[in-house]
Amino acid sequence: MYTFSNARRNGKKQTGFSLIEGLIAIALFSFGVLAIMNLQAQSIKHGGESKYRIDASFLANQLVGQMWADRGNLASYTNASYAPRSSWNTTVNATLPSGNSIVAVNGNQVRVTVTWQSPGGDMRQYVAIADINGS
């Protein structure tokens, strides 16, 4: 027979168990939310880094294209004060954080190196190598 005293005795054995279940559920949910927030932060970081890589690639290929159009003056592009190179360097400095460039010409082979500082503080570089045939 089930009486009020039995119910009261069984209830005392369960006291606080629902509270512990609730706290565990909140803790698991909180860890899940923190994991998603970390994933979002990493995604934003890598997205920013990829934007700089794309910009560096575009800038290096832009200079190579300009050098194709000005094939007679390839050796001049190694000098940073050469007008077309100087203008391009200004664009590199404005586009990339701590942007810098090195241009090397060996015969018809051109090597354009663009360096910048990533949001994490590491120095990154992109290198474009092209063979420019004279005509």
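The largest nonpolar core of this predicted model holds 19 residues. Among its members, L63, M67, W88, L96, V112 and V114 touch the most others. In soluble globular proteins, nonpolar side chains tend to be buried together.

V112 illustrates how the core is connected. Neighbours within four places in sequence are left aside here. V112 then contacts A60, L63, V64, W88, I102, V103, Y126, V127 and A128. Of these partners, L63 and W88 are themselves among the core residues that touch the most other members.

The packing of α2 against α3 was examined next. The two helices meet at an angle of about 175 degrees, and their axes lie 11 Å apart. Angles over 145 degrees count as roughly antiparallel, and α2 and α3 are therefore roughly antiparallel to each other. On the α2 side, the contact involves Y52, D55, L59, A60, Q62, L63 and Q66. On the α3 side, P84, R85, W88, T91, V92 and T95 take part. By class, seven of the contact residues are nonpolar, four are polar and two are charged. Within this contact, L63 of α2 and W88 of α3 also belong to the nonpolar core.

The loop between α2 and α3 contains N79. N79 is partly exposed, at 42% relative accessibility. Its C-alpha atom is separated by 9.4 Å from that of I102, which is 23 residues away along the chain. I102 is also one of the contacts of V112.

Two salt bridges are present in the structure. Side chains of opposite charge can pair when their charged atoms come close. D55 has 16% relative accessibility and counts as buried. K51, by contrast, is partly exposed, with a relative accessible area of 43%. D55 also takes part in the contact of α2 with α3.

The other salt bridge links the side chains of D122 and R124, at 3.8 Å from N to O. D122 is partly exposed, with a relative accessible area of 43%. R124 likewise counts as partly exposed, at 36% relative accessibility.

Terms used:
Residues are numbered from 1 along each chain as its sequence is written. This is a predicted model: local features need pLDDT of at least 70, side-chain atom pairs count only at pLDDT 80 or more; totals for chains, interfaces and linings use all residues. Side-chain values use heavy atoms; hydrogens and water are left out. A nonpolar core is a set of buried Ala, Val, Leu, Ile, Met, Phe, Trp, Tyr and Cys residues joined through side-chain atoms within 4.5 Å. Buried means under 20% relative accessible area, exposed over 50%, partly exposed in between (1.4 Å probe, protein chains only). Contact means heavy atoms within 4.5 Å. A salt bridge is a side-chain nitrogen of Lys or Arg within 4 Å of a carboxyl oxygen of Asp or Glu. Helices (H or I, at least four residues) and strands (E, at least two) are DSSP runs, numbered from the N terminus. Axes are lines fitted to C-alpha atoms, for helices over the stretch in contact, and angles run from 0 to 180 degrees between N-to-C directions. Angles under 35 degrees count as roughly parallel, over 145 as roughly antiparallel, 65 to 115 as roughly perpendicular and the rest as oblique. Ala, Val, Leu, Ile, Met, Phe, Trp, Tyr, Cys and Pro count as nonpolar, Asp, Glu, Lys and Arg as charged, and the others, Gly among them, as polar.
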